[in-house]
Amino acid sequence: MSPTETRPAEPGREERGAGAEPPREERGAQARADRFVRELAELKIPDPAAGRAGLWLRLGAVLMAAGAALAVTAYIVSHGTRDPLLQRDAITLGLGGVTAAVAGSALFLRYSLTGFLRFWMARQSYDIAQLADRLLERDVRK
């Protein structure tokens, strides 16, 4: 069927006008969608498009990479000299680099998992609501 052709009306199904009420299935789906949006608003889940989470994610990645680079550089410097003062300075920088890498890894992990877990929680909520609706519909039929 081409995009310009129209489908013939199915038997038992009347065409709706502009002011006609949607069928019961569409109303139920719309009500579920509205309830889902309302429940998400009640959970006070931040909007992922806000950008602040993305900033923290990028900061974590930069800290992780910069900390690792600083630790490796400090290791090379501390083994490339015989001056104990310079070696101690390099060890201190190396510890700071390791600390920055660990903090960056924690930030990166936290904000990368947040997006996934937010989607997972929303999906779970939707699936449970859909299951409850099916169970209630089955009980009504009996």
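Author: This is a predicted model, and its average pLDDT (the predictor's confidence in each residue, from 0 to 100) is 79. A score of at least 70 is reached by 74% of the residues. Local features need pLDDT of at least 70, side-chain atom pairs count only at pLDDT 80 or more, and totals for chains, interfaces and linings use all residues. Residues are numbered from 1 along each chain as its sequence is written, and side-chain values use heavy atoms, with hydrogens and water left out.

Now the elements. The protein has three helices and zero strands. Both are DSSP runs, numbered from the N terminus: helices are H or I, at least four residues, and strands are E, at least two. The order is α-α-α from the N terminus on. Helix α2, residues 52-79, has the highest mean pLDDT of the elements, 93. Helix α1, residues 24-42, has the lowest, 70.

Ser 78 sits in helix α2. Its relative accessibility is 12%, so Ser 78 counts as buried. Buried means under 20% relative accessible area, exposed over 50%, partly exposed in between (1.4 Å probe, protein chains only). Of the 142 residues, 10% count as buried. Beyond its neighbours within four places in sequence, Ser 78 is in contact (heavy atoms within 4.5 Å) with Gln 87 and Ala 90.

One stretch needs care. Over residues 10-17, pLDDT stays under 50. The model has five contacts for them beyond four places in sequence. Where pLDDT is low, the predicted coordinates should not be read in detail.
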